[in-house]
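Below is a walk through one structure, taken sheet by sheet and then contact by contact. Keep the sequence and the 3D view open while reading.

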Amino acid sequence: MFVTYLFVAVFLCMMGYTCYYAATHQQELINNSYNGRQELFIAQNTRGRIYAAGGQVLAETKTDEDGKETRVYPYENLFAHAVGYASNGRFGIEAESNYYLINSNAKLADKVENDMQGIKYPGDNVFSTLDVGMQEVAYQSLGIYKGAVIVTEPRTGRILVMVSKPDFDPNAIDEIWDDLIADKESSVLLNRATQGLYPPGSTFKIITALEYIRENPDTYSQYSYQCGGRFSHGEDVINCYHGTVHGSVDFKKSFAKSCNSSFANIGMQLDRAKFGETLDSLLFNGKLPVSFAYNPSRLVIDENTSDSDVMQAAIGQGTTQITPLHLNMITCAVANGGVLMKPYLVDCVKNAEGNVIKQFDPSVYRRLMSEEEAAILTDLMEEVVKSGTGTKLSGLSYTAAGKTGSAEYNSVKSDSHAWFTGFAPAEDPEVCVTIIIEGAGSGGDYAVPIAKRIFDEYFGV
Amino acid sequence: MELYITELSKYIITLFIALYTLECFLVFRHPDEESRAGCYIRQNLLMFLVHFSCFLVICFETGKPEYLLFYALQQILLFATIVLFRMIYPKGNRLIVNNMCMLLSIGFVILSRLSFEKAIKQFFIVAASIIAGMLIPYFIHHLKFLKTLTWVYAAVGAAALGIVLILGATTYGSKLSYSIAGLTFQPSEFVKIIFVFFLASALSESTAFPRIVLTSVLAGIHVLVLVASRDLGSALIFFIVYVLMVFIATGNWLYLLLGSAGGGAAAVFACRIFSHVQVRVQAWRDPFSCIDDAGYQITQSLFAIGGGGWFGMGLFRGTPDSIPFVEADFIFSAVAEELGIVFSMCMILICVSCFIMFMDISMKLQDRFYQLIAFGLGVIYIFQVFLTIGGGTKFIPMTGVTLPLISYGGSSVLTTLVMFFIIEGLYIIRQEEGARRDKKKKRRRRAEAKERRTAAEEE
């Protein structure tokens with residue numbers, strides 16, 4: 001009897017496992033490039049369209065009289081990285097939603113009709129969250145600079161803008177592919193918004209400040225420091241940006257003025273083990289909850305981290321590397337009362353007749369910080385705009401909050417990447433913007449004006 | 001038009017097989033064969049419908065009339081099997097015959113889809129096996145000396161495996177088969193049955209410790225020869241059936257514990273020293289990391305299972321051909337892809353239903369020898385099903401054994417049919433035992449009544 005039950009139990013497990021595996025891994029399996037079944041779908045269905053949130057076509061397949069298919073991207077370079085391309089290994093939404101695009105859930109009657117006429121079935125269409133108007137503003141604002149812009153809604157996680165430069169024309173991807181691959185220097189194919197790893201510079205002070213508040217919840221507001229333009233500890237020296245002397249600063253002012261010396265001082269006072277835990281909880285060195293290609297940010301701090309490294313890390317220099325996407329996610333959590341929503345690019349999938357096949361709703365990833373911590377950080381970031389390095393955003397019809405950064409990436413010269421990450425309106429955040437401009441100079445001078453143009457576009461100013 | 005038929009047929013076929021499977025288990029609610037008759041008739045009807053719908057789709061998809069003819073031949077064979085068996089052995093178990101025919105028909109459908117020539121070849125092997133197999137229950141019933149051949153079984157079994165090891169052709173890293181007059185045999189298949197007979201007769205005579213040791217040594221020789229031939233799947237089957245039969249014969253949990261521990265240690269050891277075992281374990285753990293070589297088969301199998309969805313792609317609509325050895329080792333994946341996951345789950349449940357019936361027959365048999373044979377064959381059958389389906393779905397590492405009655409392979413299908421017919425023979429023995437017991441009971445009751453009457457009269 002025991003043996004019978006044993007085998008029946010084992011079989012039930014196996015059946016459960018098989019059903020579960022097949023149901024949960026179906027898309028992943030179909031998308032695998034070794035899976036010949038893709039070809040079956042591609043031969044049977046015309047690849048579906050990709051739409052912007054406003055209904056504009058971002059990608060579609062056109063079939064000429066001979067049955068030859070061409071993938072057309074009407075906006076050319078504008079959505080090169082976000083929408084991606086459908087050949088050469090696929091990228092962007094074309095890769096992420098490949099399963100939906102090559103499938104067809106058209107009505108059976110329509111399929112039969114197509115069979116009669118000898119044409120392929122229409123693939124399902126993918127509706128993205130991207131906003132053409134804002135994407136254009138961000139794209140134009142970056143100008144000839146290399147860099148990236150990502151704009152999201154903190155309350156939902158919808159990604160409205162995803163720009164990466166340098167870019168390319170996906171219409172010509174097959175012709176330019178070899179050149180792009182050969183060009184190792186400018187990494188045109190890299191989506192800098194999600195894959196580009198940069199030193200965060202002063203934008204990292206959001207995280208250092210968070211850790212300081214966590215460790216000193218009652219006394220952080222009494223913090224004060226006398227800034228002489230530099231902070232030295234043993235042989236290590238940290239300079240304020242361009243050697244500015246900030247004088248007597250409290251916690252708020254240290255943040256608003258982005259005083260490196262004061263933050264190096266703060267960094268030295270932090271419990272390194274706890275700091276490391278905070279970093280992990282903020283998704284450093286780990287996976288991000290997104291379904292498109294990205295690189296994990298890197299920074300490890302523990303008991304063994306040296307003083308010198310902690311000082312550098314506290315001001316976002318040294319070995320720290322972060323993607324604009326990740327910084328945007330942390331900023332979103334601050335804006336959304338501490339709760340991070342999963343960022344997403346695809347809103348829904350509809351069949352050719354327009355019936356929804358799959359709807360992607362906003363979903364909570366998890367709480368990254370308490371509501372109180374988020375409120376304190378929001379207050380600090382508002383001060384940056386009011387009186388600190390982000391004053392180019394002050395005095396507008398909306399109140400913005402944010403943090404600038406000027407990340408030095410070249411130890412010899414004083415070149416820096418211009419950063420801005422922030423949101424508006426500060427009292428009830430609707431939109432969150434993260435910008436990096438490679439080698440432009442200070443964040444306050446170069447990134448903040450772009451943020452302003454994007455906010456203006458969003459609020460219709 | 002074609003599209004309507006394929007789309008609709010997917011759901012209809014799934015519905016029919018689901019109902020059939022339901023009947024498989026409803027059967028167990030009835031105590032005896034007479035009251036099960038209704039279930040059996042419904043099963044036969046549903047089986048016919050599944051088989052017919054599948055071939056209807058095949059004919060529509062291919063547009064070839066030879067499939068129609070082939071279908072007719074299959075239908076005649078299966079119909080004749082069911083009817084003739086009932087006529088020859090009125091006391092036989094019809095669930096086993098029904099399930100056997102159902103599984104065979106699934107095998108015919110999927111093989112016809114994969115390769116018409118192989119399906120034809122398989123059909124003739126099945127036909128010949130069934131004709132021969134019809135005699136088996138009679139022999140099992142009447143040849144009483146089968147119990148006494150203990151050491152003969154061991155010698156024949158070990159020798160057959162040994163010959164393969166020495167002479168056999170090397171197929172894919174394992175020496176498994178040899179050819180006589182153009183026919184390739186895979187002796188490990190047939191030796192499975194002989195091995196069960198050996199264990200059953202050895203253990204039914206005595207379960208004293210020295211006997212267990214002697215049996216273990218002989219069983220160990222079988223397993224080691226198989227390991228040396230690098231046929232690890234069969235070695236595992238032999239080992240498991242040995243451990244479980246010793247456990248059942250002695251009722252001693254210590255043997256089960258020892259066996260499991262020994263098996264576990266051997267598995268770890270095999271993993272350490274055999275590179276081909278390591279490769280398979282690696283391919284099981286993360287097949288996608290070695291998708292180009294070791295993981296290729298398993299990933300293609302997963303693609304097939306994942307591609308079909310609950311109701312399948314429809315026959316001839318998928319690409320099961322992309323899996324190497326699909327018709328033998330990975331037939332389950334082909335079924336799952338084209339006929340759907342629900343269908344393939346029903347197929348597993350039909351196998352489980354066979355197994356439960358085997359175990360039921362075993363438990364109710366009085367004679368120790370027959371009891372152990374039914375048990376051993378049941379374990380071999382279900383464990384083989386487990387190995388092949390578990391391997392194809394990444395539940396366990398792949399071992400390269402066939403799915404009984406469905407996979408392509410003459411030795412495999414012949415052996416399984418023989419096993420099924422042996423069990424039928426045992427069932428008939430059990431029915432007679434039961435009848436005899438009933439008779440005895442009746443006689444005793446009558447005697448008691450008589451006594452009571454005389455006692456009453458005396459008073």
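**Sheets, domains and contacts**

In this predicted model, chain A has an open sheet of five strands, ordered β8-β7-β19-β18-β17, with antiparallel pairing. At its edges are β8 (159-165) and β17 (401-408) of chain A, each of which pairs on one side only. From one strand to the next, the twist averages 5°. Inside the sheet, strand β18 (residues 416-424) of chain A runs antiparallel to strand β19 (residues 431-437) of chain A, and seven bridges join them. One residue pair to look for is A:Phe420 with its bridge partner in β19(A), A:Ile435.

Two helices of chain A pack on this sheet. Helix α16 (residues 371-387) of chain A touches β17 and β18 of chain A, and its direction makes about 70° with that of β17(A). Helix α17 (residues 443-459) of chain A touches β7 (147-152), β17, β18 and β19 of chain A; its direction makes about 35° with that of β18(A).

Helix α7 (residues 132-142) of chain A is the next element to find. Its buried residues are A:Met134, A:Gln135, A:Val137, A:Ala138, A:Tyr139, A:Ser141 and A:Leu142. What covers these residues of α7(A)? The cover includes strands β7, β8 and β19 of chain A, along with helix α17 of chain A. Just after α7(A) comes A:Gly143, which takes a positive phi of about 60°.

A second open sheet in chain A has six strands, in the order β4-β3-β2-β6-β14-β15, and its pairing is mixed. Strands β4 (69-72) and β15 (356-359) of chain A each have a single partner strand, so one side of each is left without a neighbour in the sheet. Strand β2 (residues 50-51) of chain A and strand β3 (residues 57-63) of chain A run antiparallel and are joined by two bridges. Here A:Ile50 stands opposite A:Ala59 in β3(A).

At the level of domains, chain A is divided into domain 1 (1-25), domain 2 (37-126) and domain 3 (195-346 + 361-459). The centres of domain 2 and domain 3 of chain A, taken over C-alpha atoms, are separated by 40 Å. Five residues of domain 2 of chain A are in contact with four residues of domain 3 of chain A. On the domain 2 side of that contact, three residues are nonpolar, one is polar and one is charged.

Turn now to chain B. Its helices α3 (residues 65-88) and α4 (residues 94-114) pack at an angle of about 170°, with their axes 10 Å apart. An angle over 145 degrees counts as roughly antiparallel, which is therefore how α3(B) lies relative to α4(B). Among the residues making the contact are B:Phe70, B:Leu78 and B:Phe85 of α3(B), and B:Val97, B:Leu104 and B:Phe108 of α4(B). By class, the residues of this contact divide into nine nonpolar, four polar and two charged.

Notes. Residues are numbered from 1 along each chain as its sequence is written. Chains are lettered from A and ligands numbered from 1 in the order in which they are written. This is a predicted model: local features need pLDDT of at least 70, side-chain atom pairs count only at pLDDT 80 or more; totals for chains, interfaces and linings use all residues. Two strands pair if DSSP finds at least two bridges between them. Helices (H or I, at least four residues) and strands (E, at least two) are DSSP runs, numbered from the N terminus. Axes are lines fitted to C-alpha atoms, for helices over the stretch in contact, and angles run from 0 to 180 degrees between N-to-C directions. Angles under 35 degrees count as roughly parallel, over 145 as roughly antiparallel, 65 to 115 as roughly perpendicular and the rest as oblique. Two residues are in contact if their C-beta atoms, placed from the backbone, lie within 7 Å. Ala, Val, Leu, Ile, Met, Phe, Trp, Tyr, Cys and Pro count as nonpolar, Asp, Glu, Lys and Arg as charged, and the others, Gly among them, as polar. Domain bounds come from an automatic or database domain assignment. A residue is buried if 20 or more other C-beta atoms lie within 10 Å of its own, exposed if 12 or fewer, and partly exposed in between; C-beta atoms are placed from the backbone.
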